[in-house]
Amino acid sequence: MNPREKINLSVVVPVYGCGSCLLELQQRLKKVLQSITHRHEIIYIEDRGNDDSWEIISRIAKKDKKVKAYRLSRNFGQHAAITAGLSEAQGQWIVVMDCDLQDPPEEISRLYQKALEGFDIVLMRRKNKKLNFFRKVAAAIYFKLINSFTTEHLNGIYGSFSILSSKVRLSFLRLNDVNRHYLFILKWLGYQTTSLEYEHNERFAGKSSYSLKSLLTHAFNGVFFQTTVLLRWIIYLGFIVSILGLISAFYFIYRYIYQSALPGWTSLAVLILIIGGFILISTGITGLYIGKIFEQVKNRPLYVIDQIIKERERQ
């Protein structure tokens with residue numbers, strides 16, 4: 001590729017545990033990208049999986065000058081890998097997609113044509129999401145948690161498969177949130193956004209790297225660290241507990257004056273447990289926020305690149 005030639009379309013693919021999919025993915029990507037524009041690039045970000053993904057990507061990148069391969073120093077997570085890919089992309093338009101071929105590369109043509117109509121962000125909306133029962137349950141819990149505590153109202157029919165304009169990419173990279181979610185950031189950025197519907201495929205090979213535990217952890221981080229709603233809830237609950245305590249105080253004073261009897265130890269123990277539990281929970285939630293603030297202010301990089309294979313390394 002001529003270094004002075006402006007790239008029209010970049011494809012960013014975060015890779016984790018997709019070694020068995022990569023050759024098929026590369027073949028299909030090349031076919032569709034060549035039909036759109038010869039000024040394209042493919043960027044693989046290998047997020048330190050436990051398979052042979054890096055070896056396969058390395059071979060692909062050494063054979064194809066339009067492929068750039070990056071390996072992170074450790075597993076930083078999908079959203080950090082997407083950020084790494086966006087920071088290296090040079091295209092006027094950037095497609096983000098998963099590596100498992102559940103998102104058909106052939107849909108990139110539709111994405112690109114829709115973006116050219118004047119949209120800065122085009123999201124792909126899954127028509128029939130192909131997941132096993134376990135993943136459906138895990139995904140349902142994940143989005144229920146997210147939507148219960150935030151105002152974003154994310155929907156499980158959307159994934160990372162999308163196309164962004166270069167100005168959206170630049171705006172995205174200005175955000176240095178440690179706890180980040182790709183769709184959260186796109187929604188926060190705004191811009192002209194639309195969506196297209198597509199048929200979600202079965203996974204080409206292997207199995208998903210997202211377990212129920214990892215999905216719940218991801219939802220937990222989204223609930224706690226994409227919004228301060230829980231801190232507001234603590235204030236509301238504090239008022240409720242205070243009002244209930246005041247009502248109880250009037251009740252006990254009334255019984256003492258008019259019935260000449262002190263309330264039993266049971267009511268006192270219950271009140272202590274309720275108030276003590278509320279204090280512990282609210283302190284713990286506040287502590288979690290403080291801990292995340294500590295992580296953020298350390299200002300560490302979102303990711304570290306260990307190895308790179310691109311055009312100048314081939315020469």
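This note covers the cysteines and the helix α4 of the structure above.

1. The model is predicted, so local features need pLDDT of at least 70 and side-chain atom pairs count only at pLDDT 80 or more, whereas totals for chains, interfaces and linings use all residues. Residues are numbered from 1 along each chain as its sequence is written, and side-chain values use heavy atoms, with hydrogens and water left out.

2. Taking a disulfide as a pair of cysteine sulfur atoms within 2.5 Å, the count is one, formed by Cys-18 and Cys-99 with their sulfur atoms 2.1 Å apart. The torsion about their S-S bond is about 60°, so this disulfide is right-handed. The pair links distant parts of the chain, 81 residues apart: Cys-18 lies in the loop between β1 (9–15) and α1 (22–36), and Cys-99 in the loop between β4 (93–96) and α4 (108–115). Helices (H or I, at least four residues) and strands (E, at least two) are DSSP runs, numbered from the N terminus.

3. Cys-18 is buried at a relative accessible area of 2%, and Cys-99 is likewise buried at 5%, where buried means under 20% relative accessible area (1.4 Å probe, protein chains only). Cys-21 is also buried, at 0%, but its sulfur is 4.9 Å from the closest cysteine sulfur, that of Cys-18, which is too far for a bond.

4. In α4, the buried residues are Ile-108, Leu-111, Tyr-112 and Ala-115. They cover an arc of only 95° around the axis, which puts them on the same side of α4; the arc is that of the directions from the helix axis to the C-beta atoms. An α-helix has 3.6 residues a turn, so residues three or four places apart point the same way.

5. The buried residues of α4 pack against β1, α1, β4, β5 (121–126), β6 (158–165) and β7 (193–198), contact meaning heavy atoms within 4.5 Å.

Terms used:
Buried < 20%, exposed > 50% of the residue type's maximum accessible area, 1.4 Å probe, protein only.
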